[in-house]
Each structure stands twice: as structure tokens, then as C-alpha cells.
Amino acid sequence: MLFRSVASAANYIGKTVEAGGTSVVLRDGQAPIEYSLDRLAREVSIVIKDSEGTEVRKLVGNTGAGSQKITWDGRNNGGTRVPDGTYSFTVTANDTNGQKMTPKTGVTAQVDAFEVAGKTIILRAGERRIPITDVNVVR
């Protein structure tokens, strides 16, 4: 089954993908998290969880309107490095009036390679790592 998936992943190379979702791939102690805000926020919180849904790390995000990127350093709330792999994240925000906002997560990027991490296929787009399961559109 994985062989068929790997063969399929090769077809993504050179294509532009739109990937939504809330997965982040930690590799070599680095994981970029991207989101966008439709207006200025008072506070932004990013919670990263492991595959069992346990909170690993809580980060304070950038509050500016528009596209934002923050890099998780691969450490848990206690400062200990966690294993490379795929984690989930949620972004919550409140605007300058204290009203709840709905940040958008996801990315549009051109795939230049892929890799297999355990049983997961990860598409690469430059420095970005996108789990193939997060892809919504291929062009």
C-alpha cells in the first residue's frame, strides 16, 4: 500500500498544492507554522499536540494582520526536545476589542520533492514540509 502511495506522491512534484489543515512536521528540531489573520489581534495562541492529543507546547503568535509564520523549536513546555514527526496545532486569537477571531491555517506552494517519514508521506516545497493528507487542491 505504501508503495502505491509513494508512486502517487511522485506525481505531485512540480505541481502547486493548496494544503489546509493543522498538521506541522517537526524535522531537525524545527517546524514552521503558518496562519493568517484578517485583522490586527490583541493576542494569538498556538497549541501544539502530539498524536495522542496531549499538549506538547503552547506558543505566543504574531498578532499582525495578514500572513504570519512562527517557527516552533521542537521543545515541549518544559524545555525538553521532542522527537521529530508530525504534530497537530490550533491557532486561537482575540482582536483588539477582545472578540474571538478565526485564524486561517494552511499554505499554497509548489512541490519540489517528497519524503517518507514512517508511514506518512511528506511533500516538500522549499523549506516547507506538508503532510500529503493535508492537501486539498492540486494544480
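Q: How many residues does the largest nonpolar core have, and which have the most contacts inside it?
A: The largest nonpolar core in this predicted model has 20 residues, and Ile33, Ile46, Ile48, Trp72 and Tyr87 have the most contacts inside it. A nonpolar core is a set of buried Ala, Val, Leu, Ile, Met, Phe, Trp, Tyr and Cys residues joined through side-chain atoms within 4.5 Å; buried means under 20% relative accessible area with a 1.4 Å probe, protein chains only.

Q: What is Ile33 in contact with, leaving aside neighbours within four places in sequence?
A: Val24, Ile46, Ile48, Gln68, Lys69, Ile70, Trp72 and Phe89, where contact means heavy atoms within 4.5 Å.

Q: Which residues are in the other core?
A: That core lies apart and has 10 residues, among them Val17, Ala109, Leu123 and Val135.

Q: New topic: what is the volume of the largest cavity?
A: About 210 Å³, taken as the space filled by probe spheres set on grid points joined across faces, edges and corners. A cavity is a set of points on a 1 Å grid over the protein atoms alone where a 1.4 Å probe fits but cannot get out, and lining residues have an atom within 4 Å of a point.

Q: Which residues lie nearest its centre?
A: Ser23, Pro32, Glu34, Val107 and Arg129, out of 18 lining residues.

Q: Which strand gives the most to that lining?
A: β13 does, with 4 residues; strands are DSSP runs (E, at least two residues), numbered from the N terminus.

Q: How should I read the numbers?
A: Residues are numbered from 1 along each chain as its sequence is written. Local features need pLDDT of at least 70, side-chain atom pairs count only at pLDDT 80 or more, totals for chains, interfaces and linings use all residues, and side-chain values use heavy atoms, with hydrogens and water left out.

Conventions:
Buried < 20%, exposed > 50% of the residue type's maximum accessible area, 1.4 Å probe, protein only. 1 Å grid on protein atoms, 1.4 Å probe; cavity = no way out; pocket = protein on both sides within 12 Å on 5 of 7 lines; lining within 4 Å.
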